[in-house]
Amino acid sequence: MELYENEERVQRALLVGIDTGEYDAEGSMDELFELVRSAGAEPVASMMQKREKPDGATCVGSGRIEEIREFCEQNEIDFLVFDVELTPTQIRNIEDATNVRTIDRTMLILDIFAIRAKTNEGKLQVELAQLKYLMPRLSGKGREMSRLGGGVGTRGPGETKLETDRRHIRRKIEYLKEQLADMAGRRDRLRERRKKDGIITVAIVGYTNAGKSTLMNTLTQAGVLSEDKLFATLDPTSRALKLPNGASVMLIDTVGLVRRLPHHLVEAFKSTLEEAASADIILNVCDASSEEYRLHLEVTDSLLRELGCGSTPVVTVFNKCDLVSNPDLLPSGKSSVRICAKNGAGTDELLRAIENNLPVRLRKFSLLLPFDKANLLAVLRKAGALQSEEYTAEGIRAEVLAEESLWHLVEPYQMPV
């Protein structure tokens with residue numbers, strides 16, 4: 001069956017899930033709808049079956065497979081998306097029974113990653129994840145692997161080559177690992193340089209589509225792609241942000257997360273996520289208007305723990321509060337703020353929360369130094385605290401942003417407010 005005769009038409013998908021009681025199947029299916037839309041297809045409908053465990057041959061039972069086949073014929077369905085990870089045998093059996101191309105949740109996410117990756121590192125990470133996923137699925141995939149052309153779940157490395165030369169795949173995987181290791185090394189050196197230069201980093205993490213990129217743009221005018229789609233931003237972006245107290249920090253946007261993100265995808269993007277692991281402060285952004293915002297926070301918290309961020313200060317950022325009927329019910333305090341990144345509401349409180357969680361206490365001073373205390377300027381300059389200086393008839397005027405250890409040196413010369 002040729003599925004690509006009319007590439008102008010938006011592809012139509014039927015979503016299929018099973019409820020074994022291991023996780024919130026309905027919530028996961030709702031997320032799958034958004035994933036399909038983000039891939040550029042139309043999710044027409046969904047079918048769910050309660051089972052103790054997936055059927056080894058077709059994931060769902062034979063009766064449900066027949067219902068799927070009939071629905072696809074009557075509704076011009078182009079492909080099926082199963083909300084579980086399928087084996088090659090299951091995919092082949094489902095396609096034989098329904099005559100409709102079939103992909104699983106992981107293939108769909110990989111497809112979206114392939115669309116979103118813009119930088120060289122992002123593209124390499126996506127290709128490595130795709131190759132690792134496809135490698136154990138090569139046997140017996142003659143018909144599926146020979147398909148070329150567009151369509152959700154088909155983007156990425158040339159699949160006909162994958163089938164014919166396994167050794168080429170292994171060599172390619174090793175090559176990609178080496179390339180990414182070199183990039184990770186450069187990233188590590190950059191992080192070490194930031195630490196050496198005393199640059200404070202603030203990482204924005206959170207569930208995909210929570211508004212992280214919108215927040216980045218609002219705070220720094222970074223121009224990061226901001227769309228109402230899952231995984232709209234895949235590549236990390238760094239921008240300088242000046243706080244009200246005069247301190248400057250490096251704000252870093254990271255890849256979004258989803259529930260049940262396969263482990264090998266987390267591994268593929270670990271170098272990107274390590275930006276969060278090495279940050280001085282983490283902003284955990286969530287969509288407060290979502291009924292599942294608590295679950296989204298838990299998904300992010302779980303990954304942060306996995307990355308070893310247990311001791312890093314975390315500020316929970318409840319975004320999209322303009323869409324919440326009673327935002328006052330949401331937590332607020334030193335470790336949580338309520339904002340609307342789209343219109344900037346609450347960002348002043350967010351900046352204060354960042355200041356309150358800085359690894360060092362900083363104060364801004366306006367000084368008037370006697371000329372015989374000019375040597376103090378050298379001390380402040382070496383510490384990176386001197387922001388400006390001006391020689392006047394009265395003495396040396398200086399603007400200083402000093403750590404607590406320097407306060408006793410500058411306080412005697414502070415100008416009255």
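Predicted model: local features only at pLDDT ≥ 70, side-chain atom pairs only at ≥ 80, totals over all residues.
The chain has 417 residues, and 52% of them count as buried. Its secondary structure comprises 15 helices and 13 strands. Among contacts between residues at least 6 apart in sequence, 67% join residues at least 24 apart.

Four strands make up an open sheet, ordered E2-E1-E3-E4, and their pairing is parallel. Its edges are strand E2 (42–50) and strand E4 (101–104), each of which pairs on one side only. On average, neighbouring strands of this sheet are turned by 25 degrees against each other, direction ignored. In general, strands of a sheet pair through backbone hydrogen bonds, in either a parallel or an antiparallel arrangement. Strand E3, residues 79–82, is joined to E4 in the parallel sense by four bridges. Within that pair, phenylalanine 79 of the chain stands opposite arginine 101 in E4.

Helices pack on these strands. Helix H1 (residues 25–38) packs on the sheet and touches strand E1 (12–19), E2 and E3; the direction of H1 makes about 155 degrees with that of E2. Helix H3, residues 88–98, lies across E3 and E4 and runs at about 145 degrees to E4.

The nonpolar residues come next. In soluble globular proteins, nonpolar side chains tend to be buried together. The largest nonpolar core here has 57 residues, and those with the most contacts inside it are Leu14, Ile68, Leu80, Val81, Phe82 and Leu108. Helix H4 (residues 105–116) contributes the largest share of this core, six residues. Leucine 80 can be followed in detail: leaving aside neighbours within four places in sequence, the residues in contact with leucine 80 are Leu14, Ile68, Cys72, Ile94, Thr98, Val100, Arg101, Thr102 and Ile103. Apart from the core that holds Leu80 lies another, of 27 residues, including Leu219, Leu241, Val249 and Ala353.

One of the contacts of leucine 80 is a cysteine, Cys72. Cysteine 72 is buried, with a relative accessible area of 6%. How many disulfides does the structure contain? The count is zero. A disulfide is a covalent bond between the sulfur atoms of two cysteines. For cysteine 340, the nearest cysteine sulfur is that of cysteine 321, 7.9 Å away. The cut-off for a disulfide is 2.5 Å between sulfur atoms, and cysteine 340 is in no disulfide. Cysteine 340 is also buried, at a relative accessible area of 4%.

E5 pairs in the parallel sense with strand E7 (residues 248–253) over five bridges, and the bridge partner of valine 202 in E7 is leucine 251. With strand E8 (residues 281–287), E5 likewise pairs in the parallel sense over five bridges. There, valine 205 stands opposite asparagine 284 in E8.

Technical notes. Residues numbered from 1 in each chain as written. Heavy atoms only, no water. Pairing = 2+ DSSP bridges. Helix = DSSP H or I, 4+ residues; strand = E, 2+ residues; numbered from the N terminus. Axes fitted to C-alpha atoms, helices over the stretch in contact; angles between N-to-C directions. Contact = heavy atoms within 4.5 Å. Core = buried A, V, L, I, M, F, W, Y, C linked by side-chain atoms within 4.5 Å. Buried < 20%, exposed > 50% of the residue type's maximum accessible area, 1.4 Å probe, protein only.
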